[in-house]
Amino acid sequence: IMIDITERKKWENKQIEKDKHFQLIANNSLDLICLHDIEGNYQYISPSVKAILGYEVDELIGTNPYALFHNEDHDSIKKLAHEIAVGGKNVYRTQYRIRKKNGEFIWFETDTTPIKNDKGEVIGLQTASRDVTVQRDTLSLLDRNQKLYQSMVQAQSMYLIRTD
C-alpha cells in the first residue's frame, strides 16, 4: 500500500518555517520573552535575559521567577497578574521589581498571555518583559520637581501676602 504524503510534507515544512520565524523573533527581541508552566516556572527564556538580567538561559530554566521578584512585590504580582492569567485573561503592563544576577533590583513591566489547549484550558503562560527603570526614575524626578515648584510658588505667594 502506498500513501501520498506530499500534502503532509508541505504542511510539516510550513510548520518548520513558522517555528523558525517565531524562534528568530524571540531570539532577537529586546524584550525578555518567556514561556512558563501553569505554576510560573520558566520553560523557555529568550537569549535577551543575558543583556537584561545578566543570567544565562540555563541558569533560569525550570526555576520560578518569584525567586527573583522583590519580596514586597510577591503578593501584587500573584493577585494582579498570575492569578488573572491562569484564569484565562491577558494581563498588560504589570510593574514590579526583579533582581539581576549582580543583586541589583530593576523595575520590570510585563505583559502576560495565557496559553490554552484545544479545550480552552490554560496550560501555560507567555510573558514579554522590559526594563522600565529609567522611565520610572524619570517620572519620579518629574514628580519631585513639580512638588518643589509648587512649594516654591506657595512660599512666594505667602511672602507677597506678608509684604502688602
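Follow the chain from the N terminus and the elements go α-β-β-α-α-α-β-β-β-α. Before you zoom in, know that this is a predicted model, where local features need pLDDT of at least 70 and side-chain atom pairs count only at pLDDT 80 or more, while totals for chains, interfaces and linings use all residues. Residues are numbered from 1 along each chain as its sequence is written, and side-chain values use heavy atoms, with hydrogens and water left out.

**Stop 1: the whole surface**

Of the 164 residues, 31% are buried. Buried means under 20% relative accessible area, exposed means over 50%, and partly exposed is in between (1.4 Å probe, protein chains only).

Now select I1, I3 and I5. Together they make a nonpolar surface patch with about 420 Å² of accessible area. I1 itself sits in the segment before helix 1 (6-28).

**Stop 2**

You'll see an open five-stranded sheet in the order 2-1-5-4-3, with antiparallel pairing (two strands pair if DSSP finds at least two bridges between them). At the edges are strand 2 (42-45) and strand 3 (91-99), each of which pairs on one side only. Neighbouring strands in this sheet are turned by 30° against each other on average, direction ignored. For angles like this, axes are lines fitted to C-alpha atoms (for helices over the stretch in contact), and the angles run from 0 to 180 degrees between N-to-C directions.

Which residue of strand 2 is the bridge partner of C34? Click on I45 to find it. Three bridges join strand 1 (residues 32-36) to strand 2, and the two run antiparallel.

Select T94 and you'll find T110 of strand 4 opposite. The hairpin of these two strands has five residues between the strands, and G103 there takes a positive phi near 95°.

Stay in strand 3 for R93. Its phi is near 60°, a positive value in a residue other than glycine. Is R93 buried or exposed? Exposed, with a relative accessible area of 56%.

**Stop 2: helix 4**

Select helix 4 (residues 74-86), which lies across strand 3, strand 4 (105-116) and strand 5 (122-131) and runs at about 130° to strand 3. Show the side chains of I77, A81, H82 and A85, the buried residues of this helix. Strand 3, strand 4 and strand 5 are among the elements that cover them. Just after the helix, G88 takes a positive phi of about 105°.

**Last stop: H70**

Go to the loop between helix 3 (57-60) and helix 4, where you'll find H70. H70 is buried, at 17% relative accessible area. Leaving aside neighbours within four places in sequence, H70 is in contact (heavy atoms within 4.5 Å) with R97 and F105.

Note on methods:
Helix = DSSP H or I, 4+ residues; strand = E, 2+ residues; numbered from the N terminus. Patch = residues over 30% accessible without salt bridge, like charges linked within 9 Å, V, L, I, M, F, W, Y side chains within 5 Å. Areas by Shrake-Rupley, 256 points an atom, 1.4 Å probe, with all protein chains shown as cover. Salt bridge = Lys/Arg side-chain N within 4 Å of Asp/Glu carboxyl O.
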